[in-house]
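Try each task before reading its solution.

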Amino acid sequence: MIKEIKGLHHVTSMAGDAAENNAFFTKTLGLRRVKKTVNFDAPEVYHLYYGDEIGTPGSVMTYFPFGNMPKGRRGTGEVGTTVFAVPKGALPFWKERLGTYGVTGLSESSFLGEDRLRFDGPDGDGFALVESAERGRTPWTGTDVPQDAGILGFHGARFTLQDAAATGELLTFMGYQKDEIDGDITRYRIEGGNAADTIDLEELQGAKAASQGSGSVHHIAFAVDNRAKQLEVRKALMDTGYQVTPVIDRDYFWAIYFRSPGGILFEVATNEPGFDRDEDTAHLGEALKLPDRYESHRAQIEGLLPPIEA
Ligand code: ZN
């Protein structure tokens with residue numbers, strides 16, 4: 001069993017309009033944009049990162065806004081809901097705020113004793129806010145969302161699957177423990193990790209497979225402390241038969257990827273070096289940062305990227 005994984009690192013999704021995406025996460029949800037860069041494989045597309053003040057692993061929602069990409073269709077074989085934690089008592093604030101901002105898909109529920117508020121992202125993305133203990137986390141303060149209601153980071157994610165068994169086995173191998181069950185949903189939790197430590201597996205037998213598009217999660221990344229731990233995880237996965245990519249330098253972390261048995265693309269990302277490696281913390285996310293290989297094409301790339309608000 002792998003003991004190096006510490007919960008979630010980031011969640012990466014696809015979007016349509018870049019300016020709309022940026023406004024939703026920085027204004028409506030009050031997260032900080034901690035990096036403005038490009039898709040390293042398609043530099044005419046942004047890669048936007050939103051999180052807490054420094055982009056702490058376990059708080060970082062990232063997007064590739066592809067412009068006029070068709071919307072995805074929710075179904076099985078995907079991350080159906082990305083779940084953020086908010087302080088206890090904050091849901092009434094959010095219900096009113098999201099309503100005021102015209103956010104759709106609002107519905108309140110209780111799951112495993114937690115109050116949650118579901119809502120749609122700008123491309124029909126599935127999100128929820130869950131009231132949760134703060135566990136040493138603090139929300140970004142550079143927003144009009146009050147400190148006692150701000151998003152603390154991820155609580156976890158809910159996968160929608162045709163058959164949850166094989167994914168459950170994989171999560172167990174990755175260090176998660178089977179926790180509570182409610183109907184068709186089984187919670188897995190990792191001990192000793194960061195606060196983004198839950199994964200819920202929802203089994204929807206006979207439901208249609210998801211089709212990816214804007215509003216779909218592209219991949220979900222799990223955190224390890226450093227590159228040495230990442231190599232241990234890579235070896236353990238490969239020894240178990242998973243096909244894992246080589247280690248890829250993403251400038252702000254190192255990444256490996258593999259396909260989970262339920263169809264969801266998993267990444268394992270390092271907590272080092274972090275988003276302040278090329279910008280002061282005070283100015284994270286303001287300037288367009290490019291990986292070295294694209295720096296000589298900066299003017300051309302800047303000409304292709306749509307404007308987004310600071
Ligand atoms: Zn990633």
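Donors are N, O and S atoms within 2.8 Å of the metal (3.2 Å for Na, K and Ca); water is not among the atoms, so sites may look incomplete. This is a predicted model: local features need pLDDT of at least 70, side-chain atom pairs count only at pLDDT 80 or more, and totals for chains, interfaces and linings use all residues. Residues are numbered from 1 along each chain as its sequence is written, and side-chain values use heavy atoms, with hydrogens and water left out.

**Exercise 1.** Find the protein donors of the zinc ion.

Step 1. His 10 (NE2), His 219 (NE2) and Glu 267 (OE) lie 1.9 to 2.0 Å from the zinc ion.
Step 2. Their spacing along the chain reads H-x208-H-x47-E.
Step 3. His 219 sits in strand 13 (residues 217-224) and Glu 267 in strand 16 (residues 265-273), 48 residues apart. Strands are DSSP runs of E, at least two residues, and helices are runs of H or I, at least four, numbered from the N terminus.
Step 4. Both His 219 and Glu 267 are buried (under 20% relative accessible area, 1.4 Å probe, protein chains only).

**Exercise 2.** Is Leu 305 buried or exposed?

Step 1. Leu 305 follows helix 5 (298-304).
Step 2. Leu 305 is buried because its relative accessible area is 10%.

Note on methods
Buried means under 20% relative accessible area, exposed over 50%, partly exposed in between (1.4 Å probe, protein chains only).
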